[in-house]
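Have your viewer ready and follow along.

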Amino acid sequence: MSKETIAVPAKPKKEKEPLFSPKNKRLLFDPLNDNNPITVQVLGICSALAVTVKMKPSIVMALAVMVVCAFSNVIISFIRNIIPNRIRIIVQLTVVAAMVIIVDQFLKAFVFDVSKQLSVFVGLIITNCIIMGRLEAFAMSNKPWPSFLDGMGNGFGYGLILVIVSMIRELFGSGELMGFRVIPESIYKMGYFNNSLVIMPPMALIIVGILIWIQRSRNKKLIESK
Amino acid sequence: MEHFNIFIKAVFIENMIFAYFLGMCSYLAISKTVKSAVGLGLAVTFVLTISVPVCYLLEKYVLKAGALQWLSDDYKSVDLSFLSFIMFIATIASIVQLVEMIVEKFAPALYTSLGIFLPLIAVNCSILGGALFMQEREYASLGEATVFALGSGVGWFLAIVALAAIREKLRYSNVPAPLRGLGITFILTGLMAIAFMSFMGISI
């Protein structure tokens, strides 16, 4: 499912490595383009599409995923050597579920209206494939600090697509950005209409499809062979 | 009649994939051939129909505010609903494990063709999504929750088999190179979702 391109070999000796060595930087920035969780690895699409009608909930969602992804990566990475292999999925799910409960309670306490808009999709972060995928593919075999960066990077790559899609949908669907009107009244008077199809669920899929198209035509090595 | 209505609504109008995008990851990854799509669709339907009613019982007798009252009146004010995520996912993960063991024993061919994706049903969003929607919509009885789960499963099954059939044909067509594979699949799903929107508002 996930096309692994970052394979970080175990370090042979204990040598002091700077916090942001080139390798670590790559962990952080690779997921933005070459190894984007949504458009390349095809992970975590489920929640990505449903929350992107408006920008505000999608930014909140992106932050939530980033936090959960980074911290559950760190926790799993700390205990990776004592997890019995047979039950590792359940252990991972428990850690992620605990993190998501914390985030959910936090959202309910501080941004209740957004939490209501996101409804079940906060809970669905648990089954967000990005998080499980990174835990399985990265945190289980790497040290805490690189795992943290990897989690942040992937959360960021996910958030980037979310923000782009929601920007397009909010701008064309309701003429607003972050709840502020950007398309002036005079244009409406000239006969411009909000495109209500963009708000409908199907358009989210088509927009992501088009984003993939654009990305792959700029980045030829991502093109799939027949 | 109410049950039938919930079923139709779950299959067509509030289709897990076309209206809520749940379970998209495995939907996109396994829809290359019809045969494995049918297998995965059946597995998802089966797991949904078992796990959602179990979660319903959990919700009703353990988690909801005041749900523990059947133990004794002292527990009237206990509200465990913040635990629901962890309880639901644990239930689902163990049911998936059970299904995996059963399939491995009785249908080894299916087991090998599903490969890694059977354990991944545990993290298939549509299962947890079904449980959470059940919680949010507060179905009145166990029957309604079961029918809803069955309907969602059937809807998911329909969607993945339809997409797999289209993708099998698509292999012979000339798609622009950057759009090949993932991109065209997204757009196809979008078009199918637009078609499914025509069911909106049907009620029996």
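In chain B, α1(B) crosses α7(B) with right-handed geometry. Keep in mind as you look that this is a predicted model. Helix α1 covers residues 2–13 of chain B, and its axis lies 7 Å from that of α7(B), at a packing angle of about 30 degrees. Angles under 35 degrees count as roughly parallel, and α1(B) and α7(B) are therefore roughly parallel to each other.

Now stay with α7 and turn to its other partner here, helix α8. Helix α7 runs over residues 142–170 of chain B and α8 over residues 182–196, and they pack with axes 11 Å apart at an angle of about 130 degrees. That angle falls between the ranges for roughly perpendicular, 65 to 115 degrees, and roughly antiparallel, over 145, so α7(B) and α8(B) are oblique to each other. The crossing of α7(B) past α8(B) is right-handed.

From the helices, let's move to a loop. B:W70 sits between α3 (34–63) and α4 (84–106) of chain B, and B:L71 is also placed in the loop between α3 and α4. B:W70 has a relative accessible area of 53%, so this residue is exposed, as the cut-off for exposed is over 50%. B:L71, with 48%, is partly exposed.

Note on methods. Residues are numbered from 1 along each chain as its sequence is written. Chains are lettered from A and ligands numbered from 1 in the order in which they are written. This is a predicted model: local features need pLDDT of at least 70, side-chain atom pairs count only at pLDDT 80 or more; totals for chains, interfaces and linings use all residues. Side-chain values use heavy atoms; hydrogens and water are left out. Helices (H or I, at least four residues) and strands (E, at least two) are DSSP runs, numbered from the N terminus. Buried means under 20% relative accessible area, exposed over 50%, partly exposed in between (1.4 Å probe, protein chains only). Axes are lines fitted to C-alpha atoms, for helices over the stretch in contact, and angles run from 0 to 180 degrees between N-to-C directions. A crossing is left-handed if the near helix is turned anticlockwise from the far one by less than a right angle, and right-handed if clockwise.
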